[in-house]
Amino acid sequence: MVPDAYYNSKKSDDICDDVCGQQGARGALSMSRLRCILRGVDLRTCILLFVIVPICIFGIYLHGQKVSYFLRPLWERPPKPFHNIPHYYHENVSMEHLCQLHGWGIRESPRRVFDAVLFSNEIDMLTIRWNELYPYITQFVLLESNSTFTGRPKPLFFDTHRSQFQFIEPRLTYGNIGGRFRTNENPFVEEAHQRVALDQLLRIAGIEDDDLLIMSDVDEIPSSHTVNLLRWCDDIPPILHLQLRNYLYSFEFHLDNKSWRASIHRYKTGKTRYAHYRQTDDLLSDAGWHCSFCFRHISEFVFKMKAYSHTDRVRFSHYLNPKRIQDIICKGANLFDMLPEEHTFKEIIGKLGPIPHSYSAVHLPAYLLDNADKYRYLLPGNCRRARESG
C-alpha cells in the first residue's frame, strides 16, 4: 500500500517519457527527440553551437590563408641574409674607376652577354626590357610554350607580335615548345620543364664559357648600366643576384627593394643551369626594376592570375571580376587578398594595407620615358586600364 504522502518527482508532461515507444508520425517523433536532446542545453550553449561556431568556421574558410601568413614567423625562419655589394654608378665616371670602386679590375674588351627569358604574354614589358638592354646584349634568347605553367592552352603571343621586334631580329634566338597540358600537376613542374628547354636553346644560341648570362623573368629588368659594368669589369663573382626595385601594377606603386631572383652568371659549360631560385649569397644593390602585374589590359591580369605558378591563390571566382581588379589596381591593394609575405611580425604589420602612391618617375627605364604617351598606364597617376586586349 502506497502512503498518501508519497510524492512522484517524475513530471507528467516530460517529453522524453517513452518517446521511442510512441506510434506517432516519424517527423513528430524526430522533433520530439530533438527537443528532448536540447532540453538540458541552456541558451548560451545553443548560441555557441548554432551561431558562434558556424561563424568561426566560415571565417576560417574565408581568411584562413591570412591567419597562416600572419603566423608565418612562428613556423618559418627568415632566409639567410645576402651579402650586399654596394653599387657605384654615375654617367660621368669612367668605367675603369667604377670597376675599381667595386674592387674589380678592368678588362681589355667586354664580355659577350646573353639575355634569356621564358615568355608568356608580357609584350609591353618585353619591349621596354629589350630597349633598355639593347646596346649591351650579344644575343637575345626567348622561349615560349603553347601551354601555361598550369597546363592551359595559350597562343604563341611573341610569335604573333614578332614583327614589332625587328630591331633585335639579327640578334634573336627564338624557340617554342609544346606543352604537356597536365592540368592537375604542380605548376612548378611545367615551369622547370620549360627552363630545361631554355638551357638547350642557349646552347643553340652559341653561348660559351665566361660569357655573361642574364637569368630573370621578363618583368625583372636589369638596368643597362648594371649590365655594362659587369661585362667590362674583371674578377666579378661567378654568380650575382640583382637587387631590383619592386613595383606592383605600375611604377606608381613602389612596394620595396627586396626583389632578388634575377641573376647574372659567368657561364660555365656543364655547370650553369637556368633557374629562378637563390644560387649565391652575393647581391648587387640597386641593379634595376621588377614591375609585377604591370599590364595594359584587365584581360591580361585575368590571364596571368589563371596561368602562373601561384594560381592556387585565386581562391574564389570573384577575384577575377574585372571591376574588382580595376579597383584594386587604383588602390594599390593585393589582387589575392593576401597578407605580406614576410618573416617577422614587424615587417608584416609594417606592410599591412595598400601600397602608398609614389609620384616619382626618376631613374626609370629610358625607353619608358621616351615613349611616355604609349606607356602612360605605367607612370604615376594613370591607374585606369582598358578592359580587353587586341
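The model is a prediction, so local features are reported only at pLDDT of at least 70 and side-chain atom pairs only at pLDDT 80 or more, while totals for chains, interfaces and linings use all residues. Residue numbers start from 1 along each chain as its sequence is written, and side-chain values rest on heavy atoms, with hydrogens and water left out.

Start with the sheet. Eight strands make up an open sheet with mixed pairing, in the order β1-β13-β9-β12-β6-β3-β4-β5. Strands here are DSSP runs of E with at least two residues, helices are runs of H or I with at least four residues, and both are numbered from the N terminus; two strands pair if DSSP finds at least two bridges between them. The edges belong to β1 (83-85) and β5 (172-177), each of which has a single partner strand, so one side of each lacks a neighbour in the sheet. From one strand to the next, the twist averages 25 degrees. Within the sheet, β3 (residues 113-119) pairs with β6 (residues 212-215) in the parallel sense over four bridges, and alanine 116 has methionine 215 of β6 as its bridge partner.

Two helices sit against these strands. Helix α5 packs on the sheet and touches β3, β4 (139-145), β5 and β6, with its direction at about 180 degrees to that of β3. (Contact means heavy atoms within 4.5 Å; axes are lines fitted to C-alpha atoms, for helices over the stretch in contact, and angles run from 0 to 180 degrees between N-to-C directions.) Helix α8 (residues 224-232) lies across β3, β6, β9 (239-242), β12 and β13 (282-284), running at about 150 degrees to β6.

How enclosed is α5? Of its 11 residues (123-133), 10 are buried, so the helix is largely enclosed by the rest of the structure. Buried means under 20% relative accessible area, exposed over 50%, and partly exposed in between (1.4 Å probe, protein chains only). The buried residues include Ile123, Met125, Arg129 and Glu132.

Back in the sheet, alanine 116 sits in β3 and counts as buried, at 0% relative accessibility. Its C-alpha atom is separated by 4.5 Å from that of valine 141, 25 residues apart along the chain. Beyond four places in sequence, the contacts of alanine 116 include Leu198, Leu202 and Tyr274. Histidine 265, in β12 (residues 263-266), is buried too, with a relative accessible area of 2%. The side chain of histidine 265 makes a polar contact with that of serine 263 at 2.9 Å. Such a contact is a pair of N or O atoms within 3.5 Å; within protein, one must be able to donate a hydrogen and the other to accept it, and residues adjacent in sequence count only if both atoms are side-chain atoms.

Elsewhere, β10 (residues 244-248) and β11 (residues 254-259) pair in the antiparallel sense over three bridges. They form a hairpin with five residues between them, and tyrosine 249 in the turn has a positive phi of about 75 degrees.

Finally, the cores: sets of buried Ala, Val, Leu, Ile, Met, Phe, Trp, Tyr and Cys residues joined through side-chain atoms within 4.5 Å. Of the 50 residues in the largest one, Leu126, Trp130, Phe158 and Leu378 touch the most other members. Helix α5 gives the most to this core, with six residues. Another core, of 19 residues, lies apart from it and includes Phe253 and Tyr319.
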